[in-house]
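Here are my notes on the charged side chains in this model.

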Amino acid sequence: MISFSFRYVPSAARRLYTTASGASSVITPTHSIYLSTSTNPYFNLSFEDWLFRHAPQKEPLLLLYRDAPCVVIGRNQNPWKEVNLRAARAQGIPWIRRRSGGGTVYHDLGNTNFSIHVPRTTFDRGATAQVILRAVRALGIDADVNERNDICVGGEKASGSAYKIVSGRAYHHGTMLITTRLETLGDLLRVDKDTMITKGVASVRSPVCNLAQFSKKVSHEMFVNAVVDSFKAEYGVHDEPCIVNDTDDLARIGYIQRGMAELPSWDWAFGQTPEFEYTIKKPFVWGDVTAHIHARHGVILSCTLQGLDSELGKALEGKRYGFIEDEELGVDLSGRREVVWAWLNEEMKSYD
Amino acid sequence: MFSTIRQAARARTMSLTTARTSPSNIMRIPGCRTIVTKKYTEEHEVVAFDDETGLGAVSITHHAQESLGDVVFVELPAVGTKVSKGDQIGAVESVKAASDIYAPVSGIVTEVNEALNSEPGLLNRSPEEKGWLCKIKLSAPEEINALLTLESYKATWEA
């Protein structure tokens, strides 16, 4: 249980949400500032999405949370290209595709996530970045915003941001590295697949730093307090924050439950992968074999093999990339096909 | 559609006479009896409606692509999808944000612009021509009349 040295009253003392009277049982958020003490990334992302879709459109809203270690990729990214899936699996660290765009980040308890929601018509990502920048500066850290709207200290990124817009609302959310294990971040985000060409969004890699490198006192609690103060000042909000957890009644809201179930599903996690092509080559005793795999939405569209007959390549069409069992192939896997298949399977496999 | 666009205060004295299509919105192609009407939405979508085929080609406006910045990815609807006006039919990711696209009219998606899969930048270079998103067979062509003319559309965001 993470205890906060906050000035705020826990949520049990206050109504979290209203139910509309009458036949409709739509539940809506009533607060402007939410602090989640859950470290479940599936809950935090789904709760954030619920707030985004259900809070009053004209009111600014702030959410702050931390996740247990996980890798989070952008909506239109390729997990095979962005995440070291084997290393993540070996360390028991999940990866998740979020709903906003942008690149890949690593979350752990040394990283604090912020999410600012405003009406679409007044959204200005420079202004929301300033809310966070002012908070960091208030902690005595000489930070700046770079040309990509990232908060940096001494030329290194301490924060990455992503943005989402729908018809009535927009949000700017991002990370803030405070005491994150940067070597783990480096391991999990290092992938060496230069011959995988994706039509999706590629991450822009940058050197990173923790705020703790620049201040002995900075902590998650201090950052949260500073952001809350900065948000209140910017938007003229006077509400006290509402503290939520995934064990609260609100976590049972259908929309949130459905979100938490969708995020780890194959259809969302892998099935949303944009089109990609992957070319690999390996010498065998009889000669080189080159495989050119073309996939979209996590499913193989074609696999062209040079150096082998076409049966194996054809058998892969329509199958899920990285999740193919030998039995599914329906071809005789002996001789050359056996070794080539073992190689392809190893290259594609997402997990050990 | 695009949050990065600041909506300017609407001129209260401006009268919206959208019922008439103004000459600038109708293109008469010589030798051809096709009439294509271009109408706009507040969410920065354009529909080029061909009343002979009943098809509306949906795009984003030039103003929208400017505000979005470089487009890196476009998500399009599946051919055959039935849409109602205002439904989300796709999304655009630019360096600045992931934005949803909404159907300006109701109908069935008959075609999508596959070129956008390999060249999302077409939305920036030629938003209303080569960068068309999809074609919808309108189920209610009268919906076109309720959309904005170019002048009315411009008035929604011009200072």
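1. There are 23 salt bridges over all chains, counting a side-chain nitrogen of Lys or Arg within 4 Å of a carboxyl oxygen of Asp or Glu. Please keep in mind that this is a predicted model, where local features need pLDDT of at least 70, side-chain atom pairs count only at pLDDT 80 or more, and totals for chains, interfaces and linings use all residues. Residues are numbered from 1 along each chain as its sequence is written, chains are lettered from A and ligands numbered from 1 in the order in which they are written, and side-chain values use heavy atoms, leaving out hydrogens and water.

2. One pair worth a look is A:Glu262 with A:Arg99, whose closest N and O atoms are 3.0 Å apart. Helices (H or I, at least four residues) and strands (E, at least two) are DSSP runs, numbered from the N terminus.

3. In chain B, B:Glu111 forms a salt bridge with B:Lys135, with 3.8 Å between the closest N and O atoms. B:Glu111 sits in strand β9 (residues 107-112) and B:Lys135 in strand β10 (residues 134-138), 24 residues apart. B:Glu111 is partly exposed at 36%, and B:Lys135 is partly exposed at 23%.

Key
Buried < 20%, exposed > 50% of the residue type's maximum accessible area, 1.4 Å probe, protein only.
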